[in-house]
Amino acid sequence: MFVHHCFSKRVWWKELTRGPLSSIVEYYVDALEAAHYANRTIEIYLRALAHFGRWINRQQICQSDQAPLLVDRFVREHLRSCRCPVAVRSTVADSRAALRQLLKLLPIQDINPSPEVSAISAELDRYGEYLRSICGNAAQTCAKRLKDIRAFLHHCLEIGLPTLSNLSSAQVEAFLSKSRVRLRPSSMGVLCVSLRSYFRFRALQGDSTQALAVTLPSIARWPQSTLPKSLSETQLESFLKAFDCSNPVELRDYAIARCLLDLALRADEVTHLELDSINWRHGTLSLEGTKSRRTQQLPLPASTGEVIARYLQQARPQTNDRRLFVRHRAPIDKPLGVPAIRNAMTRAFVRCGLRDRFCSTHVLRHTTATRLQRAGASVKEIADLLRHRSLDTAGNYVRVDLEALRAVALPWPGEQP
């Protein structure tokens, strides 16, 4: 058990042990220690819990009633304008991480949500089943739709609407106006698509949602207005040199970068790679959990296979997990998620001085397509490697070769020959 006596004189420890979360502290610490979290990290998380408990006391509500909703309100509303004493204050990042761990433990502690929150959870379960079984959406699409609709249903709960039939067009517009503050136009378009999908689902349940669907605006998007971002040869060389392969974590990140670049994988596809995905004898890699939900085979380049083999032999920690890329830090014995892969690539862009221009994993996929196009590959070949089902999607990369486009461009009428 984590030693608590060293905190006895700290203000935040007194807040925690006298607050509404005091009964869960011991179990919470045991769970973090079992996942091999460092003592310093446990201390930071406990301080964040003390901050959360202090806020609950001042709200005069029971944390066991609406725990997920309270966590969301605490992060979105209180932390933005927190005026708590410095001795008990926690950062947004620390609070998010600590409360994520708290929510994982709450069901075990027999904490029951309010009837309203339970109704939202049941509704999301039904909608999620509709997305998977009826619409056939991919897992990433379902997760995004559910996230958007969860926020929408919580908004309905905040304004006191028990059912969708009581919702007016003005209230839908109010939700969109509230969301517009934190979302870019492209994200607003995705939110509107999610709402249209949910209104169709409710229409199948017998609700009249046609007036609500008409309220949703069509967000203007011009996908052809900019060229796909990609790294130049000099930038790519600098990026690949940014990994110190003598460091186990950076060797793992370098192997991930080679998969993203050499095989044009998406970050989510990398997370689904397993030890059995690689056929070393035939030099192939099997992809499962792809966006098209099909099992696909790709040739594994020798250079990429060598980097992966080096990672497996020298850097991969001992674990029972069959995923290819796993965590090196707490929580141990867990596979890497998409956010961790994105952060790893962003750290590499920072080290090579390209963070102001690039910050995502998808730019490596674009780079692969651009290099193929400039090397003379056809649109069909690019689409096959990127696993695009439509040639129009891969056709965007034709616009990257500006020199070839200038060669076929017609002269402007009236221009001097």
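Buried means under 20% relative accessible area, exposed means over 50%, and partly exposed is in between, using a 1.4 Å probe and protein chains only.

At 1% relative accessibility, E269 counts as buried. E269 also forms a salt bridge with R387, with the closest N and O atoms 2.6 Å apart. The pair links distant parts of the chain, 118 residues apart. E269 is in helix 13 (residues 267-271), and R387 is in the loop between helix 17 (379-386) and helix 18 (391-394). R387 is buried too, at 10% relative accessibility. A salt bridge here is a side-chain nitrogen of Lys or Arg within 4 Å of a carboxyl oxygen of Asp or Glu. Helices are DSSP runs of H or I with at least four residues, strands are runs of E with at least two, and both are numbered from the N terminus.

A word on the model. This is a predicted model, in which local features need pLDDT of at least 70, side-chain atom pairs count only at pLDDT 80 or more, and totals for chains, interfaces and linings use all residues. Residues are numbered from 1 along each chain as its sequence is written, and side-chain values use heavy atoms, with hydrogens and water left out.

Back to the charges. How many salt bridges does the structure hold? The count is 19. Here are two within helices. R76 and D72 meet through their side chains at 2.6 Å, N to O. They are four residues apart in helix 4 (residues 67-78), so about one helical turn separates them. R76 is partly exposed at 26%, and D72 is partly exposed at 28%.

Next, R132 and E129. Their salt bridge is 3.6 Å, N to O. These two are three residues apart in helix 6 (residues 115-135), which again means a separation of about one helical turn. R132 has 43% relative accessibility and counts as partly exposed. E129 is partly exposed as well, with 40%.

Now the rings. A pair of aromatic rings is described by the distance of the centres and the angle of the planes. In this work, rings of Phe, Tyr and Trp (its six-membered ring) pair if their centres lie within 6.5 Å; planes under 30 degrees apart are stacked, over 60 edge-to-face, and the rest tilted. The structure holds 19 aromatic pairs. One of them is Y127 with F201, a tilted pair at 5.5 Å centre to centre and 55 degrees between the planes. Y127 lies in helix 6 and F201 in helix 9 (residues 185-204), so the pair ties together parts that are 74 residues apart in sequence. Y127 is buried at 0%. F201 is buried at 4%. Ring pairs also link a cluster: Y127, Y130, F152, F175, Y198, F199 and F201.

Next, space. On a 1 Å grid over the protein atoms alone, a pocket is an open set of points with protein on both sides within 12 Å along at least five of seven lines, while a cavity is a set where a 1.4 Å probe fits but cannot get out. Lining residues have an atom within 4 Å of a point. The second largest pocket holds about 1,000 Å³, a volume being the space filled by probe spheres set on the points, which are joined across faces, edges and corners. Which residues lie nearest its centre? They are Y37, R100, R327, A330 and P331, out of 28 lining residues. Helix 2 (25-34), helix 5 (92-105), helix 12 (248-262) and helix 15 (338-351) each give two or more residues to that lining.

The peptide bond from A330 to P331 is cis, with omega near 0 degrees. P331 is found in the loop between helix 14 and helix 15.

Last, two positive phi values. H36 has phi near 70 degrees, and H36 is not glycine. H36 is exposed at 55%. A264, also not a glycine, has phi near 55 degrees. A264 is buried at 0%.
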